[in-house]
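Please consult the sequence and the model while reading the sections below.

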Amino acid sequence: MKKYCIQKYCSDNYHLWNEFVAHAKNATFLFHRDFMEYHSDRFQDFSLLIFDEKNALKAILPANRVQDVLYSHQGLTYGGLILNQNSKMQDVVEMMYFLLKFLNENAILSFNLKQLPTIYHESPSDEMEYLSFILNAKLCRRDSLSVINLETDFEFTSSRAEGIKRGTDLELEWKEEQDFTSFWNEILIPNLDQKFKTKPVHSLEEITFLKSKFPNNIRQFNVYKQGKIIAGTTVFESDFVAHSQYISADDSKNSTGSLDFLHNRLITYTFRNKKYFDFGISNENQGQNINQGLLFWKEGFGARTIVQNFYEIETKNYPLLENVLI
C-alpha cells in the first residue's frame, strides 16, 4: 500500500490549497479559503491536506473539529474528500486508510462526511460512496435536491406558466443588482423571521463580503413592481451549476407571480448554458420531512430529485480498507 502523509491546514498552505481547489475534479468556489474563513470564529478549523511519498498534494478535506468528532465543514453546504483529476480508486482507498488512521491516532473517534452532490462533479467522483459501504458507515441523513437538467427538454407546468404570465402582464421588472441591502432587509429577513423565527445563514455584511471576494460566483436578482422590490433570489454560480441559495418574496407572490416570473428568466436566459439549475432542498427535520408546497413549486419548473448523503464513519474502522484491493 502506498503511504500518504496527512497535515493539518495552516495559513502557509493558503495558495497551495486554493490552487488545488481550482483544478480539482469535485470542487466549487465554496472550498476556497476566502469563502471558508468568513466565519472562522464559529468553527475550530481542522482542514487536512494529503501528500504522497513525493510530497505532492493529492487530496484535501475541508473540515472542522468538535471534541472527538471531525465534520465535513459545518459552515459549508457540502464537502467531502476533494480529489485531483488523476485520482483513481486505488489512490482513494489508500488515502482514506491513512486519513482515518491519522484521525484515530489524534483522538478523533468519528468522521461525519457530508457529500458533494454529483451535479457539481467535473468528472465521476463517487469513490467515497463505495468506501462508506466498505467502512460500515452509518447513513445518518439524506436530503433531496430539486434539480433541472438544462440539457434536456424540461417543461414548465401550467401553474408555473400562469405565474409567469401574471408577472409579464403586470410589467414586473427584473434586474441583477450588486447590492444585497434591499433584498435582505425588506424581503429575506422579514420572511424568515415571520415564517421560521430564524435569520439567513449569511448576514448582510457577510454576503456583501463574500460578493467582494467572488463577484462572478455570487449574484443577486431582484423583481420590482412600479419601482418597489417584491421578490429576489441569490444565486451561487459554479462551473456547471446555478444554485438558488436564497429565494424569497413578499405576500403578493401568488397574485403577481413574481418568483415564477424571475425564475423563468434565470432558467431560460441567464443560466441557460449551465448544465444544471439547482433549487436546493425542500427538506425539514434533518431530511426526515419534505415541504410539499415548496417541492410542488420547484418541480413545476421541471426540476427532479437527486440526493445528498451524510455519513458517520468510525475512524477505528480504517483496517477494513486493507483488503479491499485484491
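## Ser125 and its contacts

The side chains of Ser125 and Glu127 form a polar contact of 3.3 Å. A second polar contact, also given as 3.3 Å, links the side chain of Ser125 to that of Asn26. A polar contact is here a pair of N or O atoms within 3.5 Å; within protein, one must be able to donate a hydrogen and the other to accept it, and residues adjacent in sequence count only if both atoms are side-chain atoms.

Ser125 is situated in the loop between β7 (110-114) and α4 (127-134). Helices (H or I, at least four residues) and strands (E, at least two) are DSSP runs, numbered from the N terminus. With a relative accessible area of 9%, Ser125 is buried; the term buried means under 20% relative accessible area, exposed over 50%, and partly exposed in between (1.4 Å probe, protein chains only). When neighbours within four places in sequence are left aside, Ser125 is in contact with Lys25, Asn26 and Leu83, where contact means heavy atoms within 4.5 Å.

## Basis of the model

The model is predicted: local features need pLDDT of at least 70, side-chain atom pairs count only at pLDDT 80 or more, and totals for chains, interfaces and linings use all residues. Residues are numbered from 1 along each chain as its sequence is written, and side-chain values use heavy atoms, with hydrogens and water left out.

## Ser248

Another serine, Ser248, belongs to strand β12 (residues 241-249). Ser248 is buried because its relative accessible area is 6%. Its side chain is joined to that of Asn191 by a polar contact of 2.6 Å. Not counting residues up to four places away in sequence, Ser248 touches Phe183, Ile187, Leu188, Asn191, Ala231, Gly232 and Leu259.

## Nonpolar cores

In soluble globular proteins, nonpolar side chains tend to be buried together. A nonpolar core is defined as a set of buried Ala, Val, Leu, Ile, Met, Phe, Trp, Tyr and Cys residues joined through side-chain atoms within 4.5 Å. The largest such core has 41 residues, and those with the most contacts inside it are Phe31, Phe35, Ile60, Trp184 and Ile218. Helix α6 (residues 181-196) supplies the largest share of this core, five residues. Apart from it lies another core, of 33 residues, including Phe46 and Tyr318.

Which residues does Phe35 contact, leaving aside its neighbours within four places in sequence? They are Phe29, Leu30, Leu76, His202, Leu210, Phe214, Ile218 and Phe236.

## Residues with positive phi

Most residues other than glycine have a negative phi. Ala107, which is not a glycine, has a positive phi of about 65°. Ala107 is placed in the loop between α3 (89-105) and β7 and counts as partly exposed, at 45% relative accessibility.

Gln286 likewise has a positive phi, near 55°, in a residue other than glycine. Gln286 is found in the loop between β14 (283-284) and β15 (289-290), and its relative accessibility of 54% is why Gln286 counts as exposed.

## Asn254

Asn254 is part of helix α8 (residues 253-256). Its relative accessible area is 59%, so Asn254 is exposed. Asn254 and Asn285 are 31 residues apart in sequence, and their C-alpha atoms are 26 Å apart in space.
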